[in-house]
Amino acid sequence: PQGVGGGPSRPTEVSSAGQGALVRKMKAAEMETEAESLGGGGIETLSDMNRNKDRQKTQEDMLKLREAIQSLCQSSNPLARSMDYLQEDLDNMTKELDMWAKDKDVQTQLLEEEKRMSEVEVDKLMSQLQEVEDKIKEEDLRIKDMKAAVLKNDHTIKTMLGSIVRPANR
């Protein structure tokens with residue numbers, strides 16, 4: 001392609017397709033300055049030379065700025081895509097957190113139900129244990145009463161035998 005004035009274009013120029021408004025404006029300003037610098041052709045004064053230096057410096061600054069902006073855009077595109085994925089990941093993690101929170105609630109309810117059922121069973125068993133212990137105490141008392149009755153009867157029998165055997169010895 002040809003640049004302004006019919007000469008070859010510079011290798012750093014990029015087609016305006018796909019560029020933002022800022023880059024197009026910078027290119028338009030650059031083309032205007034090139035056209036002005038090519039349009040003179042007469043004797044240059046000191047102020048013209050200073051203006052040309054300023055234009056050249058401005059063009060170089062604009063070129064550096066353009067390259068920096070393009071580099072920034074190229075670097076920021078993957079970051080933007082990553083940010084999109086980040087939002088998806090965040091949504092998925094939120095859903096997973098909700099799922100685990102619900103599971104925790106369900107498991108907590110099941111645990112509470114099991115505790116309640118265990119307490120009921122333990123209460124039943126404790127009641128049965130108390131009944132058995134009471135029966136054991138009753139049996140112990142009955143056994144002690146029977147032993148006492150046996151001892152008393154033994155004593156009565158000995159006394160009776162002693163009274164029967166003693167008078168015969170006299």
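Lys124 and Glu121 are 3 residues apart in helix H2, so about one helical turn separates them. A helix here is a DSSP run of H or I with at least four residues, a strand is a run of E with at least two, and numbering starts from the N terminus.

This is a predicted model, in which local features need pLDDT of at least 70, side-chain atom pairs count only at pLDDT 80 or more, and totals for chains, interfaces and linings use all residues. Residues are numbered from 1 along each chain as its sequence is written, and side-chain values use heavy atoms, with hydrogens and water left out.

## Overall picture

The protein has 2 helices and 0 strands. Helix H2 covers residues 46–169. Of the 170 residues, 8% are buried. Buried means under 20% relative accessible area, exposed means over 50%, and partly exposed lies in between (1.4 Å probe, protein chains only).

The accessible surface comes to about 14,600 Å². Carbon and sulfur atoms account for 60% of that surface. Areas come from the Shrake-Rupley method with a 1.4 Å probe; for residues, only the protein chains shown count as cover.

Contacts are heavy atoms within 4.5 Å. Among contacts between residues at least 6 apart in sequence, 61% join residues at least 24 apart.

Confidence is given by pLDDT, the predictor's confidence in each residue, from 0 to 100. The mean is 83, and 80% of residues reach 70 or more. Over residues 1–16, pLDDT stays under 50. For that stretch the model has 26 contacts beyond four places in sequence.

## Salt bridges

Side chains of opposite charge can pair when their charged atoms come close. A salt bridge is counted when a side-chain nitrogen of Lys or Arg is within 4 Å of a carboxyl oxygen of Asp or Glu. The structure holds 5 salt bridges.

| Pair | Closest N and O atoms |
|---|---|
| Lys124 and Glu121 | 3.8 Å |
| Arg116 and Glu113 | 2.5 Å |
| Asp105 and Lys104 | 3.9 Å |

In the opening pair, Lys124 is partly exposed at 47% relative accessible area. Glu121 is also partly exposed, at 43%.

How far apart in helix H2 are Arg116 and Glu113? They are 3 residues apart, which means about one helical turn lies between them. Arg116 has a relative accessible area of 45% and is partly exposed. Glu113 is partly exposed at 34%.

Asp105 bridges to Lys104. Asp105 is partly exposed, at 42%. Lys104 counts as exposed because its relative accessibility is 52%.

## A nonpolar patch

Which residues make the nonpolar surface patch of about 380 Å²? They are Ile157, Leu161, Ile164 and Val165. Patch residues have over 30% relative accessible area and no salt bridge; nonpolar side chains (Val, Leu, Ile, Met, Phe, Trp, Tyr) are joined within 5 Å, like charges within 9 Å. Ile164 sits in helix H2. Its relative accessibility is 58%, so Ile164 counts as exposed.
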